[in-house]
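User: Please show me how to read a few features of a protein model. I would like the general idea before each case.

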Amino acid sequence: MDSVLPPGISSEIETARRNRVRARARHSVVAGTRRHAVLSLSADSLVIEADGRPPLRGFVDILEGERRIDRRLVVCSWAEDGLVGYEFKRDGIGMAVAADYVPPGHAGLLGRD
């Protein structure tokens, strides 16, 4: 049996669910002075909660607790329902590059023999 909740109650339930997810988050992302709890982290993307500020851009540090575990170049790929998703375009440690990312400054250079 399906039941429909009033909009106010369903938004409060969603807020409580996001607060639980944020409280359990092991990872966070830091860009400059901004720090966000990572709600979802995969090998090629991450999801954070939208906070009304401009989206993250450029290199970010990914932390587990207070320890930096990775540095990535991120690009905003989607935003909906108060969440923002970012794709990783470049690995900041090993310098692995995504197939659709062209590093600046290397086009047209000739190699030496």
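Strand pairing and a buried histidine

Analyst: V38 stands opposite I48 in strand 3. The model is predicted, so local features need pLDDT of at least 70 and side-chain atom pairs count only at pLDDT 80 or more, while totals for chains, interfaces and linings use all residues. Residues are numbered from 1 along each chain as its sequence is written, and side-chain values use heavy atoms, without hydrogens or water.

User: Which way do strand 2 and strand 3 run, and how many bridges join them?

Analyst: Strands are DSSP runs of E, at least two residues long, and helices are runs of H or I, at least four, numbered from the N terminus. Two strands pair if DSSP finds at least two bridges between them. Strand 2 and strand 3 (residues 45-49) run antiparallel, with three bridges, and a hairpin of three residues joins them.

User: Is H36 buried or exposed?

Analyst: Buried means under 20% relative accessible area, exposed over 50%, and partly exposed in between (1.4 Å probe, protein chains only). H36 has 7%, so it is buried. H36 belongs to strand 2 (residues 34-41).

User: What is H36 in contact with, beyond its neighbours within four places in sequence?

Analyst: Contact means heavy atoms within 4.5 Å. For H36 the partners are S28, V29, I48, E49, D51, R53 and L56.

User: How confident is the predictor in the protein chain?

Analyst: pLDDT is the predictor's confidence in each residue, from 0 to 100. The protein chain averages 79, and 74% of the residues score at least 70. Among its elements, strand 3 has the highest mean (92) and helix 1 (residues 7-24) the lowest (77).
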